[in-house]
Amino acid sequence: MNIATNTCYLEKASALAGIFSEDAVERDRIGGIPKKEKDAIRESGLLHLIVPQMYGGEGESWSTVFRLVREFAKTDPSIAYLYGNHFLQLVNPHLTCSSKQKAHFYKESVKNDWFWGGCFYPFNKELIGISEGNRVILNGKKTYSVGSQDADRVLISWLELSDEAGIGGAVIPIDREGVTVNDDWDGIGQKQTESGTVTFTNVIVEKNEILDRNYASISPFSTIGDVLNELLLANVITGTAEGSLTDAAVYTKSISHPYPLSEAESNDRDPFVLRKYGDLWIKLQGVISIVEKASRLIDVAWEKEHALSEEERGQCLLQTDAAHVAATTVGLDITNDIFEVMGEGSADKRYGLDRFWRNVRTYTLQNPLDHKRKNIGNWLLNDEYTYKV
């Protein structure tokens, strides 16, 4: 990784995050599609970081992508997740398909500045595909279709009607006839992630859009997308916690007043407030270290591609589980505890400081932490890896 180039990407992301912060509170309040913000990212060139240089991309590492995700999450966790999710969908042909399809989708994505979304939620089995010659006809719906409302391309999966265990996959434009993107995402947090349902009515998927999935469930590398998703969530949560601590510090210094019985002349001089901020900052540094360690391990795994072993894949998930548990635990603590040092006025809706906790809480519900702790304990005591997230 070129450090100078990496710094350039981070500066660009930081500048965009600054712009996004100007109306982040209002956009969080109303929800909907962050169209202007996604267009700014399209124009920035930051959508091509993970694409190998031979296909026109930047050939950057996952640790670079995740660092930018954390930067966006400081001010706008929804944008951060949309940005990271774009790469999760984009690389699917790299993980599971032939080199021909990998090259095709990478080149087309760079050429057209595609922002990817996903109708790939694996636990949803309501989308059914029927093969008709070289085409597939889709009917049904997908839930949690992140980034689908303003996507240039969406990665989709379905159940093959002729084979209950068969899973099909394809990449199609979101404006395909018969595709209806429903504006029905109404979570308490992550309000602009476009995570609602998508309905398919006699949608035709052509042969050249269907993924060959040559490596699916065969190569350990083909399943690393699950690990990447876990690490994406850990980085979004970590960045959100960092942003909440920064905003809380600004509020404490500029708006809040000392507790009536405090002997401090201002809230930022109260020893109990100072002690609390110090404690939260220390916790955050620990999480950042764990998350970055997991990111570096993913970088190594990514370079090995289909030469990745089962044990190496297991090590990636082990470190990612640790990162997710740490980020979730500390993220919830920080986004909740900041109110103790800001005071009652910080609960006023106009400041939008509750959005940090709501965003973190929403993401932490995707995967119960006890399962991750069990997986880590099983490795520690029995030297056994768990290969599911």
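Colleagues, the model is predicted, so local features need pLDDT of at least 70 and side-chain atom pairs count only at pLDDT 80 or more, while totals for chains, interfaces and linings use all residues. Residues are numbered from 1 along each chain as its sequence is written, and side-chain values use heavy atoms, with hydrogens and water left out.

I begin with the helices, which, like strands, are DSSP runs numbered from the N terminus (helices H or I, at least four residues; strands E, at least two). Axes are lines fitted to C-alpha atoms, for helices over the stretch in contact, and angles run from 0 to 180 degrees between N-to-C directions.

Helix α5 (residues 77-90) packs with helix α8 (residues 224-254) at about 160 degrees, the axes being 10 Å apart. The two are therefore roughly antiparallel, a term for angles over 145 degrees; under 35 counts as roughly parallel, 65 to 115 as roughly perpendicular and the rest as oblique. Contact means heavy atoms within 4.5 Å. By class, this contact has 8 nonpolar, 4 polar and no charged residues. Here Ala, Val, Leu, Ile, Met, Phe, Trp, Tyr, Cys and Pro count as nonpolar, Asp, Glu, Lys and Arg as charged, and the others, Gly among them, as polar.

Next, the axes of helix α9 (residues 271-304) and α10 come within 9 Å and cross at roughly 160 degrees. This pair is therefore roughly antiparallel, with a left-handed crossing. The contact of α9 with α10 holds 21 nonpolar, 3 polar and 8 charged residues.

Helix α10 (residues 310-342) also meets helix α11 (residues 354-364), the axes coming within 9 Å and crossing at roughly 155 degrees. That makes α10 roughly antiparallel to α11, and the crossing is left-handed. Among the contact residues are Leu332 and Phe339 of α10 and Phe356 and Trp357 of α11. They divide into 5 nonpolar, 5 polar and 2 charged.

Finally, the aromatic rings. Rings of Phe, Tyr and Trp (its six-membered ring) pair if their centres lie within 6.5 Å; planes under 30 degrees apart count as stacked, over 60 as edge-to-face and the rest as tilted. The count is 15 aromatic pairs. Ring pairs link Phe20, Trp62, Phe66, Phe72, Tyr83, Phe87, Phe221 and Trp302 into a cluster.

Definitions and conventions:
Left-handed = near helix turned anticlockwise from the far one by under 90°.
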